[in-house]
There are 2 protein chains.
Amino acid sequence: MKIGVFDSGIGGLTVVKSLLENQLFEEIIYYGDTARVPYGIKDKTTIIRYAIEAVEFFKNFEIDLIIVACNTVSAYALDEMREVSSCPVIGVVEAGILATSNALKDKNSNILILGTKATINSKAYEIGLKMEGFYNLQVKATGLFVPIVEEEIYEGEILDAAFKHYFNTTATPNAIILGCTHFPLIAQALQNHFGKDSILIHSGDAIVEYLEKTFNLNTKHKKPKLEFFASENPEALKSIAKKWLKL
Amino acid sequence: MKIGVFDSGIGGLTVVKSLLENQLFEEIIYYGDTARVPYGIKDKTTIIRYAIEAVEFFKNFEIDLIIVACNTVSAYALDEMREVSSCPVIGVVEAGILATSNALKDKNSNILILGTKATINSKAYEIGLKMEGFYNLQVKATGLFVPIVEEEIYEGEILDAAFKHYFNTTATPNAIILGCTHFPLIAQALQNHFGKDSILIHSGDAIVEYLEKTFNLNTKHKKPKLEFFASENPEALKSIAKKWLKL
């Protein structure tokens, strides 16, 4: 299969990493809308407009599937993308809900949902988890984590102060949904803050789990063809991809 | 005079506030590119492209002057805007340099330049201040201040941690250039951090000083006509404008 991976910026490379580790696809085309990142502070109508443009971009290639690596886009624009796409479109939110549900046996488990302002406002994770029978939810828009990670801060005083700011009254959860592709980069700091018993739900792993259940992906592709595109500064994206994905 | 004020988002309202307080203009049209904010993390070519689109937007009105309230746009795109504009275009960077130069008698004064990554990378303030004879400069890209202010955090632990992160080795300056429209909102915190002797250079006041020197603005306009436009969520912009500008 030849697939497209869409993200608002570079964060979706954490999803590509999981795809590569599991050798699921023959060819992966990555598109990051780096000229208009971040989406997480934007309006629903704007997010949908940008997401539809991404589908149009992928029409330049004959792909079999679009994976939306961005939680904000997954939360708002999947239906609209599907309307204009000639191939299936799947998103990390539905995958994350499934992975959380599979990871927790007890429906009374406490789940902490983290995401950008837009993702949290969409209530996409909340609604999905309630449909799976989970009602013990804590929800936090942790928007500052995005610029903090983009400053390459993954631990230390600023992050500790941000944790205190956001999690002052947060009970230790059984599972934490890392509902933004930036958040896996502070997974260790979150684990240290909440303790080792909280399960972390990572979009990349969740999507792999979802793909393996949904599609017949028996063939392993050890050396998939990779292409990277960005709406701004593609060189920077390629260089980060090389570093993160060890290409 | 009927003028246009351009900013990447809502921050430029701090400049409008200064214009209103000084009753300089008959009519002010504000345009914030809220759908694509923030500009400070973007590339030069992208910033120029967006800035030219803003000039095109103002062609819908018969204006006499465009004021660029955004430091990042002022640092990168003024020449390109002037090429496509039929009226003069002035920016907060040149105004800020002039205001700093006027405020400091001693050319050996130490000046701390704060701004977004893009503004700092442009070296616009550095080059301008050196041309004015100031060589004792400290330069800091303090990108995190933008999302912190947008979370409506103006004091407290996160900001203190960010100050420690950025100003660990920064000597107390004689003047601090608030080289981003978001930074006046943490002016008090910066003043507390560096002490009362550091002069703060505010883009809004600087542009007023610049305008009064450059144009013949003798008539006072007590009740100027105001119009607000945004590329996304104009209602939110108008509601913030009402609050900030006490309309």
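The model is predicted, and the values below are computed from it. Chain A can be laid on chain B by a turn of 180 degrees with a shift of 0.0 Å along the axis, and the RMSD is then 0.0 Å. The two copies are thus related as by a two-fold rotation axis.

**How the copies meet**

- In general, two copies of a chain are related by a rotation about an axis together with a shift along that axis.
- Of the interface residues of chain A, 100% are also interface residues in chain B, so the copies meet through the same surface.

**Overall build of chain A**

- Chain A contains 12 helices and 9 strands, and its C-alpha trace spans about 50 × 35 × 35 Å along the principal axes.
- A compact globule with 247 residues would have a radius of gyration near 18 Å, and chain A, which has 17 Å, agrees with that expectation.
- Buried residues, meaning those under 20% relative accessible area, make up 58% of the 247 residues in chain A.

**Surface and charge of chain A**

- The accessible surface of chain A comes to about 10,700 Å², and 48% of this surface belongs to carbon and sulfur atoms.
- Chain A carries 25 positive and 30 negative side chains, and the centres of these two sets lie 2 Å apart.

**Cis peptide bonds**

- In chain A, the peptide bond from Val37(A) to Pro38(A) is cis, with omega near 0 degrees, and Pro38(A) lies in the loop between strand 2 (27-32) and helix 2 (44-58).
- In chain B, the peptide bond from Val37(B) to Pro38(B) is cis, with omega near -5 degrees, and Pro38(B) lies in the loop between strand 2 (27-32) and helix 2 (44-58) of that chain.

- Gln23(A) is not a glycine, although it has a positive phi of about 50 degrees; Gln23(A) is placed in the loop between helix 1 (13-21) and strand 2 of chain A.
- With a relative accessible area of 23%, Gln23(A) is partly exposed, because this class covers values between the 20% limit for buried residues and the 50% limit for exposed ones.
- Lys246(B), which is also a residue other than glycine, has a positive phi near 50 degrees and lies in the segment after helix 12 (234-244) of chain B.
- Lys246(B) is exposed, with a relative accessible area of 69%, which is over the 50% cut-off for that class.

Methods. Residues numbered from 1 in each chain as written. Chains lettered and ligands numbered in written order. Predicted model: local features only at pLDDT ≥ 70, side-chain atom pairs only at ≥ 80, totals over all residues. Heavy atoms only, no water. Least-squares fit on C-alpha atoms with pLDDT ≥ 70 in both. Contact = heavy atoms within 4.5 Å. Helix = DSSP H or I, 4+ residues; strand = E, 2+ residues; numbered from the N terminus. Rg over C-alpha atoms; globule rule 2.2 N^0.38 Å. Buried < 20%, exposed > 50% of the residue type's maximum accessible area, 1.4 Å probe, protein only. Areas by Shrake-Rupley, 256 points an atom, 1.4 Å probe, with all protein chains shown as cover. Lys, Arg positive; Asp, Glu negative; His and termini not counted. Charge placed at Lys NZ, Arg CZ, Asp CG, Glu CD.
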